[in-house]
Amino acid sequence: MWLFQVKVFKQPKYLENFVQSTFNALGADKVRGATLVVSGDGRYYSKDAIQIIIKMAAANGVRRIWVGQNGLLSTPAVSAVIRERVGADGSKANGAFILTASHNPGGPHEDFGIKYNMENGGPAPEGITDKIFENTKTIKEYLIAEGLPDVDISTIGVTSFAGPEGQFDVDVFDSASDYVKLMKSIFDFQSIQKLLTSPKFTFCYDALHGVAGAYAKRIFVEELGADESSLLNCVPKEDFGGGHPDPNLTYAKELVARMGLSKTNSEQQPPEFGAAADGDADRNMILGKRFFVTPSDSVAIIAANAVQAIPYFSGGLKGVARSMPTSAALDVVAKHLNLKFFEVPTGWKFFGNLMDAGMCSVCGEESFGTGSDHIREKDGIWAVLAWLSILAYKNKDNLGEEKLVSVEDIVRQHWATYGRHYYTRYDYENVDTGGAKELMAHLVKLQSSLDEVNKIIKGKRSDISNVVNADEFEYKDPVDGSILKHQGIRYLFEDGSRLVFRLSGTGSEGATIRLYVEQYERDSSKIGRDSQEALAPLVEVALKLSKMQEFTGRSAPTVIT
């Protein structure tokens, strides 16, 4: 993803540089005559960018452009449109420009981003993105049909032009219909509807004023029968209502309060189930009544229940996968169910490779992303429907009883069966880039002497077990054989605990250091502790080992999840 502040993209010829560099990287044989999707999460500058890309596509010989009404398509919906939609003339999409900065804030002084997805519906592979980047440094010209008028993207219909390369069509279509059709082919909407319309079940969905709002009313209210009052912040806005569209306990304040998890505002009767989406609707947060489900637990619980609860998986799972920083909860499920298991670097394209090869059905990452092989992106609404399916399955004979099986019941039963992976992530955002790199270099150097590492640990906490292995995660793709190095720094403890450190590239300023802390507990008498309390000793050790405050000047993280 090419991600910077809006003011950077508004520089003369800046967006044009990236778009032309992408066309050049793809090659004329894949661009001329192609059908491309151009839409996004609706953030500030999206509408201007769509018009520019349309004109450039025409000049580069693209045959037709598909645009979601008002320029809105969630990232998972774009993937679904590429894979599933057939135009009135029988055309299929060859790729897409997605206009999003994911979970980052939007507005004139905030972030904008653009990325290209391929014909399989997934993000461009590194071979293409590397070529795009190199092209941006050497490009001398770009092609644009400046005489082409702007297209009304608010009205559904096809507009045809005599483009520089022949007929050129812009097809504005309903943003939700293709995606809703796909969801109805995966889930049993009738059983979910019985749950949502039960007087004993209450529901709340917060789109954080992101693009998920374009789908929420259609799916949850019109298709599944939920009350419209169940929807929060479901009107997409260019600045996400001035909020930070990141579905976590820090930024989804209104939902957190409604679910009874706010320290300052405790609802008397929170809903049974709550969920939130990020700006482009590929991430999700799952909540029960006064109960938070970690993303690592969420993907493990979906995988454990998918075959029984979700018709799409009734024939069994091909395999499961998680990103390296995600907790090992999914590993335990895979072992128990005798499933193929893969640990991949952060980035959905690695899951996509496994899915295209028929090796993976369900996957997830700790950064609130969960999905399956129905598309080639993580899918926030899919994750919510998966959880509603599990709740519907667990309560299929229980809707007339006094008490429903709750989100918390399902999670605690899962822990009792598989053990609990206490897990947390500390984000240090907008850290000085130089200091962040020094911290990571220090951690790598420290790995050369585990004796020294364990001496530091015992000096801080004598009750922590020894580090038995430490490395930088390296991945060999089982599909194409490609090798990726330096994908995160790991400290692995004798008792199965882990510390992982990564630099994240999802911000437009400075660096973000992510610290992941995990401890596995199999003893059923010890799985009910507060997560932050259980992990406090390991957090102390992590901050000591990394010299976090010394290198960053930060005494506390920006966000804890």
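Trainee: Asp530, buried, exposed or partly exposed?
Mentor: Asp530 counts as partly exposed because its relative accessibility is 45%. Buried means under 20% relative accessible area, exposed over 50%, and partly exposed in between, with a 1.4 Å probe and protein chains only.

Trainee: What are we looking at, and how is it numbered?
Mentor: This is a predicted model, where local features need pLDDT of at least 70, side-chain atom pairs count only at pLDDT 80 or more, and totals for chains, interfaces and linings use all residues. Residues are numbered from 1 along each chain as its sequence is written, and side-chain values use heavy atoms, with hydrogens and water left out.

Trainee: Where is Asp530 found?
Mentor: In the loop between strand 23 (511–521) and helix 18 (531–546). Helices (H or I, at least four residues) and strands (E, at least two) are DSSP runs, numbered from the N terminus.

Trainee: Which backbone nitrogens does the Asp530 side chain reach?
Mentor: A polar atom of the Asp530 side chain lies 3.2 Å from the backbone nitrogen of Gln532, and the side chain reaches the backbone nitrogen of Glu533 at 3.0 Å. A polar contact is a pair of N or O atoms within 3.5 Å; within protein, one must be able to donate a hydrogen and the other to accept it, and residues adjacent in sequence count only if both atoms are side-chain atoms.

Trainee: Which residues lie nearest the centre of the second largest pocket?
Mentor: Leu249, Leu261, Phe292, Asp530 and Gln532, out of 29 lining residues. On a 1 Å grid over the protein atoms alone, a pocket is an open set of points where a 1.4 Å probe fits, with protein on both sides within 12 Å along at least five of seven lines; lining residues have an atom within 4 Å of a point.

Trainee: How much space lies in that second largest pocket?
Mentor: About 870 Å³. Grid points are joined across faces, edges and corners, and the volume is the space filled by probe spheres set on the points.

Trainee: Which element supplies the largest share of its lining?
Mentor: Strand 17, with five residues. Helix 10 (253–258), strand 12 (291–293), helix 15 (407–418) and helix 18 are among the elements that each supply at least two.

Trainee: How do the lining residues divide by type?
Mentor: Twelve are nonpolar, nine polar and eight charged. Ala, Val, Leu, Ile, Met, Phe, Trp, Tyr, Cys and Pro count as nonpolar, Asp, Glu, Lys and Arg as charged, and the others, Gly among them, as polar.

Trainee: Changing topic. Where is Ser327, and what does it touch?
Mentor: Ser327 is in the loop between strand 13 (320–323) and helix 12 (329–337). It counts as buried because its relative accessibility is 1%. Not counting residues up to four places away in sequence, Ser327 touches Ser296, Arg322, His421, Tyr423, Arg498 and Glu518, where contact means heavy atoms within 4.5 Å.

Trainee: And Ser175, buried or exposed?
Mentor: Buried, because its relative accessibility is 8%. The Ser175 side chain reaches the backbone oxygen of Leu72 at 2.6 Å.

Trainee: What is the phi of Asn70?
Mentor: Positive, about 65°, although Asn70 is not a glycine. Most residues other than glycine have a negative phi. Ala281 also has a positive phi, near 65°, and sits in the loop between strand 10 (273–277) and strand 11 (284–288).
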